[in-house]
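Let's sit down together and learn how to read a few features of a structure, one at a time. Have the viewer open and follow along.

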Number of protein chains: 2
Amino acid sequence: MSEGARRRTGGRAGRQAARAHSHVERVPFLTRTLAPFEVLDEEGLALIEHNADTILEEVGLEFRGDPDALRLLGGAGADVTGERVRFPRGMCRSIVQASAPREFTQYARNEANNVRIGGMATVFAPNYGSPFVRDLDRGRRYGTIEDFRNLVKLTYLSPHMHHSGGTICEPVDVPVNKRHLDMVYSHMRWSDKPFMGSVTAPERARDTVEMARILFGAEYLEDHPVVLSLINANSPLVWDSVMLGAARAYAEANQATLLTPFILAGAMAPVTAAAVCAQTFAEALGGITFVQLVRPGAPVVLGSFASSMSMQSGAPTFGTPEPALVLYAMAALARRLGVPFRSGGSLCASKIPDAQAAYESAATLQPTILGGVNFVLHAAGWLEGGLAVGYEKFILDADQCGMMQVFAQGIDMSENGQALDAIRDNEPGTHYLGSAHTLANFETAFYRAETADNNSFEQWQEDGGLDAAQRANAIWKRMLAEYEAPPIDPGIDEALLEFIERRKASFPDSEV
Amino acid sequence: MSEGARRRTGGRAGRQAARAHSHVERVPFLTRTLAPFEVLDEEGLALIEHNADTILEEVGLEFRGDPDALRLLGGAGADVTGERVRFPRGMCRSIVQASAPREFTQYARNEANNVRIGGMATVFAPNYGSPFVRDLDRGRRYGTIEDFRNLVKLTYLSPHMHHSGGTICEPVDVPVNKRHLDMVYSHMRWSDKPFMGSVTAPERARDTVEMARILFGAEYLEDHPVVLSLINANSPLVWDSVMLGAARAYAEANQATLLTPFILAGAMAPVTAAAVCAQTFAEALGGITFVQLVRPGAPVVLGSFASSMSMQSGAPTFGTPEPALVLYAMAALARRLGVPFRSGGSLCASKIPDAQAAYESAATLQPTILGGVNFVLHAAGWLEGGLAVGYEKFILDADQCGMMQVFAQGIDMSENGQALDAIRDNEPGTHYLGSAHTLANFETAFYRAETADNNSFEQWQEDGGLDAAQRANAIWKRMLAEYEAPPIDPGIDEALLEFIERRKASFPDSEV
C-alpha cells in the first residue's frame with residue numbers, strides 16, 4: 001500500500017473500506033498493452049478492402065433526401081446519378097486519410113474524465129436506444145426520464161464506465177420531439193463524464209450543440225470535441241437525410257460522430273462474414289467521406305454493429321461466433337484505414353440477466369477488448385437485442401468491464417511480478433499465504449469481482465442463496481441511495497434550463 | 001446440403017429434423033485455423049523460461065515417497081539430496097525435447113472418435129473430480145454411480161464433447177477403493193469416445209490399463225495410447241508418490257498423461273502471474289522429465305490449472321483476468337517446449353448456473369480457444385470451483401463449446417463467402433432475406449445455439465418465461481430419454497465385467 005493510500009484511510013474501518021474498493025484503480029479509459037487478435041492475414045484484409053471498393057464503384061451508395069450531400073460528393077469526384085453515388089476506386093480512402101484524425105480526445109466538463117478515442121485506448125459507454133427497462137422489482141416496462149436519470153447516475157458512479165453514453169433508455173414519458181433536451185441535460189447535470197448527442201433530427205443535433213456551447217463556451221467547441229454522436233447507416237448501402245443532417249450539424253461544429261452500419265446479416269447484408277465486412281466497410285467509408293467533405297478534420301469513428309440472425313424466425317442473435325469474427329476483421333480494417341473503431345459491447349438476446357445473457361455478453365465483450373475496439377457502446381445494461389436495458393444487467397456487465405481493465409494491462413514482468421526471491425525463500429510443499437511477497441501484494445494482486453459470490457456453498461446458502469442478478473439488485477439500489485451529483489456552476493445550470501424551457505415552448509409536442 | 005445428407009432425411013419432418021441439428025458438423029475434435037493470441041513477447045517468454053530453470057536449479061522439486069524416481073532422476077544428471085531434486089539448467093528441456101512427442105493420437109474404441117492431442121487440435125472433455133452434482137429438480141447432492149453414468153451418456157450424446165473425460169463426478173455410493181473400476185467401465189461401455197484412467201493409486205492405474213487391454217487387445221496398447229490420465233503436482237514444487245506411481249504405471253504401458261500443476265495463486269505460488277507461470281513451468285517440466293525417463297516417447301501433455309483467490313476468504317475465484325493471462329502465457333511456453341498443452345475449460349465459482357457462472361465460464365473458455373489449448377478438461381458442467389458438476393451447466397457449456405468450433409474455423413474467404421455477386425445484385429435499401437445467396441447458405445450460415453432463446457419478449461413470455469437453466473433442464477432430460485448405448489462385443493463386455501468382479505472380490509471395501 002502506498003503512503004498516499006495509507007494516509008487516506010483511517011483506522012480499521014477505513015482500511016476495510018479502502019480494501020473493498022482498491023481492487024482496480026479508476027482510470028478515465030483503458031490503455032491496452034497487447035497486440036490485437038487477428039482473424040485475417042494481409043491477403044484477406046486486402047481482399048475485403050478491394051471488395052469494398054468494388055461495391056463503392058459498381059453498386060455505389062444512396063444518399064437520400066439530401067441534395068447538398070449529393071453536390072458535395074459529386075464535387076469531390078463521385079459519380080452521382082439521382083441519389084445513387086458511385087465512388088471511383090480509392091477515392092473514399094484518400095479523402096478520409098487526408099483529413100480524418102487517427103485519434104482524438106473527447107473532452108468532459110470534468111477534465112479528469114476526458115477520454116482518448118483511438119489507438120490503444122478503449123472507452124466503455126453504457127447501453128443505447130432501448131425503449132424498455134427492466135429490474136427485478138418492477139419487471140419490464142417502458143423507460144421514463146426517471147429511469148434515464150438513474151442510469152446516468154449509475155454510469156457516473158461506476159468506475160468501469162468511462163463515458164456517460166447517449167440514449168441509455170428512451171424516456172417514453174417525454175414527447176419524442178422534446179426528450180432530447182431532457183436527455184442531454186441529464187448527461188450534463190447528473191454526470192461529469194463525456195456524453196453523446198441527439199441524432200433523431202438535424203435540429204435536435206443543433207440543440208445538442210447549443211447546449212454544449214452553454215456548458216463549455218462557444219469558442220471552446222471549435223477545437224474541442226465535447227459531443228460524440230451515433231450516425232447509423234440505413235443498410236444496405238443507404239444513408240438517409242435524418243442521419244446525414246445530424247452528421248452535418250455535428251461536423252460543422254467540429255464535434256465527433258460514429259458512422260455505423262448496423263447489419264443483421266441475412267437481412268441487411270449477405271449471411272457470410274466476409275460479405276458483411278466488405279459491405280460495412282463500404283458504407284462506413286462513404287459516411288466518413290461525407291463528414292470529411294463537410295468539415296475536413298472533424299473527428300470520426302468507423303463503426304460496425306453486426307449480428308447474426310435466427311434463420312428460422314429472423315430474430316437477431318448475439319454472442320454467436322460469426323459476429324465475433326466480423327468484429328475482429330473490422331477492427332483490423334479500421335486500423336489499416338487509420339481511424340478509431342467502434343463496435344462490440346455486452347450484447348445479448350436474452351430477456352433476463354441469466355446465463356444466456358452472460359455467455360452472450362462475454363462472447364461479445366472479449367472480442368471487443370482482444371480485437372482492440374476504441375469506443376464501446378452498449379458496454380453495460382443491454383438485454384433483448386437492445387429492446388430493453390436492465391438495471392441488474394448494467395451492474396453485472398460493468399463488473400466484467402472492470403476485469404477487462406486488468407486484462408488489458410497484460411502480465412507484470414517487473415522483478416516484483418517475477419517474484420523469484422519469493423519462490424527461492426519458500427520451501428517445497430509450504431504455502432504462500434503468509435509470505436512477505438504475498439502480504440506486500442495482496443491488496444492489488446487480483447481483480448475483485450463486485451458481483452461474484454466466491455464463498456463456500458454453505459456460506460452462500462446461509463447468505464440467502466442469491467443468484468448474481470439478485471446481488472446486482474442490491475448493488476444498484478445502494479449506489480443510487482448514495483449518489484451525490486457532481487457540482488455545476490449555478491449560472492450555467494440556469495442557462496441550460498432556460499434554453500430547454502424556451503425550446504420546449506417554441507413548438508408543440510409530437511410523438512415523431 | 002450434400003447428397004449424403006439429403007439421403008438421410010425423409011420428407012418435410014426429416015428436413016426439419018436435419019435443420020435442427022445441421023448448424024454444426026460433428027467433428028471428432030476442433031482444428032483451429034487462427035494464430036494464437038499472445039500476451040508476452042519473445043523476451044518475456046524467455047525470461048519465464050529462464051526463471052523456471054532457476055527454480056529447478058536452485059530450489060529444485062521434491063519427489064516424495066518414490067526412491068525409484070530419485071534413482072532415475074539422479075542417474076539422468078539431477079542433483080538428488082534426500083527427496084529434493086535439483087536440475088542443472090536446461091536438463092529437463094533437453095530430456096523432454098529428445099523424446100516427448102509434439103502431438104499424438106488418443107485412440108477410441110470407435111475410431112471415428114479418435115482425437116488428436118497437440119498442434120492446432122483442441123479436444124473438449126467434461127468436468128472432472130466433483131463430489132457433488134446439481135440439477136434443477138433435486139438440487140445439490142453427493143454424486144452417485146447413476147449420476148456418473150448419466151454424465152457419460154450426456155457426453156457421448158453431445159456433438160460438442162470430443163472426449164468422455166474421467167471422474168466426471170465422484171460416485172460416492174461406491175467404495176473409494178473400487179469405484180475406479182465402475183467409472184472406467186462406464187466410459188468403456190456407455191460411450192465410444194476416448195477416456196481417462198484412474199490416478200488415485202498406482203494399482204488403480206494398473207487396473208485401468210488392464211481393462212484397456214481387455215477392450216483394445218494387449219498388443220494394441222503398445223503403440224496406441226487409449227488412456228489419457230490426469231497427474232497433478234502437489235504444488236508448490238512437490239510430486240508425491242501416488243501421482244508418481246500412477247504416472248509410472250501409465251508411461252510403462254505407453255499410455256498418455258497430463259502433468260498438471262494445480263495452482264491457486266497466493267496459496268501454492270506467489271500472487272503474480274509471471275511467478276505462477278515460472279513455477280508451473282518448472283513443476284511441469286520436472287514431471288514430464290520423470291515420465292520421459294520412465295519410458296522415452298510416452299505421450300505427455302503439459303498442464304496448467306491456475307486460479308486466483310479471494311484475498312479476504314482464501315476461496316478460489318474463476319473467470320478473473322489474471323488466470324486468463326497465465327493461460328495465454330503457459331500455452332506459448334508449451335508451444336516453445338514442443339509438447340501438447342492442457343488448460344482452461346468452463347470454470348466458475350458460482351454455485352448455480354446463473355449469470356456469474358456464465359460470465360466466469362466464458363472468461364475461461366474464450367482464452368482456452370484463443371490461446372490454443374489442446375486438451376480441455378472441465379469444458380462442460382463445472383460449478384462451485386469444481387466441488388459440483390451441474391446437469392444444466394453441462395448442457396449450457398456444451399453449447400458454448402459448439403460455438404468455439406465455428407469460431408476456430410475463422411472467416412470463409414471463398415467466393416461464396418465474399419458474396420460479391422449477391423451484393424451486386426441487391427439494390428440499396430432492399431433486404432437479403434430472399435436473395436439466392438441467402439437461400440443457398442442459410443442452413444449452415446450461423447451457429448444455432450441450442451440453449452438460447454432468441455424469440456421476442458412476448459413469445460418468450462408465452463413459452464413460460466424460462467431462463468437458460470430451465471431450458472437446459474428439458475434438454476438433458478430429453479437426451480437421456482433418447483439415449484441408446486453404442487454396441488460392444490458381448491465377449492469383451494463379459495470379460496470386463498468378470499475382471500471387475502474378480503478385482504472387487506479380491507480386497508475389502510475401503511473409503512480411502
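**Cavities, a helix and a sheet**

A: By the rule used here, this predicted model holds 14 cavities of 30 Å³ or more.

Q: How is empty space inside a protein found?

A: Rolling a probe the size of a water molecule over the atoms shows where empty space is left. In this model, the largest cavity has a volume of about 170 Å³.

Q: Which residues should I select to see the largest cavity?

A: There are 17 lining residues, and those closest to the cavity centre are B:Ala306, B:Pro323, B:Leu327, B:Leu347 and B:Thr364. Two or more lining residues come from each of strand 15 (305–309), helix 12 (321–337) and helix 13 (355–371) of chain B. Helix 12 of chain B gives the most, with 4 residues.

Q: What is the make-up of that lining by class?

A: The lining of the largest cavity has 10 nonpolar and 7 polar residues, with no charged ones.

Q: Where is the second largest cavity lined?

A: Look in chain A this time. Of its 15 lining residues, A:Ala306, A:Pro323, A:Leu327, A:Leu347 and A:Thr364 are the closest to the centre. At least two residues each are supplied by strand 15 (305–309), helix 12 (321–337) and helix 13 (355–371) of chain A. By class, this lining has 9 nonpolar, 6 polar and no charged residues.

Q: Why is helix 7 of chain A called largely enclosed?

A: Count its buried residues, taking buried as under 20% relative accessible area. In helix 7 of chain A, 11 of the 12 residues are buried, so the rest of the structure largely encloses this helix. Among them are A:Arg179, A:Asp182, A:Tyr185 and A:Met188.

Q: What do those buried residues pack against?

A: Their partners are helix 6 (145–157), helix 8 (202–216) and helix 20 (490–505) of chain A.

Q: Finally, how do I read a sheet?

A: In chain B, 4 strands form an open sheet in the order 9-8-20-19, with mixed pairing. Strand 9 (139–142) and strand 19 (382–383) of chain B are the edge strands, each pairing on one side only. Strand 8 (residues 132–135) of chain B pairs with strand 9 of chain B in the antiparallel sense over 4 bridges. To find your place, note that B:Phe132 stands opposite B:Tyr142 in strand 9 of chain B.

Key. Residues numbered from 1 in each chain as written. Chains lettered and ligands numbered in written order. Predicted model: local features only at pLDDT ≥ 70, side-chain atom pairs only at ≥ 80, totals over all residues. Heavy atoms only, no water. 1 Å grid on protein atoms, 1.4 Å probe; cavity = no way out; pocket = protein on both sides within 12 Å on 5 of 7 lines; lining within 4 Å. Points joined across faces, edges and corners; volume = space filled by probe spheres on them. Nonpolar A, V, L, I, M, F, W, Y, C, P; charged D, E, K, R; others polar. Buried < 20%, exposed > 50% of the residue type's maximum accessible area, 1.4 Å probe, protein only. Contact = heavy atoms within 4.5 Å. Pairing = 2+ DSSP bridges.
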